[in-house]
Amino acid sequence: MTQWEYQVAPILNHVAGQILNNFGQDGWELVTITDNGSGNLVGYFKRPVSS
């Protein structure tokens, strides 16, 4: 069974593409982006745990 690790990170609008690409290069898959209620975006990422 695949085990996952998770990361929660702020996503700054003016560099969102760069932030998402950096996480992707490190093996993180974007699960969702939400607004935290004050106009700031938060990204939720997952990747398989290395054994």
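**Exercise 1. Describe how helix α1 is placed relative to the strands.**

Solution. Step 1: helix α1 covers residues 16-25; helices (H or I, at least four residues) and strands (E, at least two) are DSSP runs, numbered from the N terminus. Step 2: the helix lies across β1, β2 and β3, where contact means heavy atoms within 4.5 Å. Step 3: its direction is at about 165° to β1. Axes are lines fitted to C-alpha atoms, for helices over the stretch in contact, and angles run from 0 to 180 degrees between N-to-C directions.

The model is predicted: local features need pLDDT of at least 70, side-chain atom pairs count only at pLDDT 80 or more, and totals for chains, interfaces and linings use all residues. Residues are numbered from 1 along each chain as its sequence is written, and side-chain values use heavy atoms, with hydrogens and water left out.

**Exercise 2. Work out the strand order and the pairing in the sheet.**

Solution. Step 1: two strands pair if DSSP finds at least two bridges between them. Step 2: β1 and β3 are antiparallel over eight bridges, and β2 and β3 are antiparallel over six bridges. Step 3: the three strands therefore form an open sheet in the order β1-β3-β2. Step 4: β1 and β2 (29-35) are the edge strands, each pairing on one side only. Step 5: from one strand to the next, the twist averages 20°. Step 6: individual positions can be read off as well; Ala9 stands opposite Gly43 in β3, and Glu29 has Lys46 of β3 as its bridge partner. Step 7: β2 and β3 form a hairpin with five residues between them, and Gly37 in the turn has a positive phi of about 100°.

**Exercise 3. Classify the aromatic pair and say where its residues lie.**

Solution. Step 1: rings of Phe, Tyr and Trp (its six-membered ring) pair if their centres lie within 6.5 Å; planes under 30 degrees apart count as stacked, over 60 as edge-to-face and the rest as tilted. Step 2: the count is one aromatic pair. Step 3: Phe23 and Phe45 are 4.2 Å apart centre to centre with 15° between the planes, a stacked pair. Step 4: Phe23 belongs to helix α1 and Phe45 to strand β3, 22 residues apart. Step 5: both Phe23 and Phe45 are buried.

**Exercise 4. Characterise the surroundings of Tyr44.**

Solution. Step 1: Tyr44 lies in strand β3. Step 2: Tyr44 is partly exposed, at 34% relative accessible area. Step 3: leaving out residues up to four places away in sequence, Tyr44 touches several residues, among them Gln7, Val8, Leu30 and Thr34.

Notes
Buried means under 20% relative accessible area, exposed over 50%, partly exposed in between (1.4 Å probe, protein chains only).
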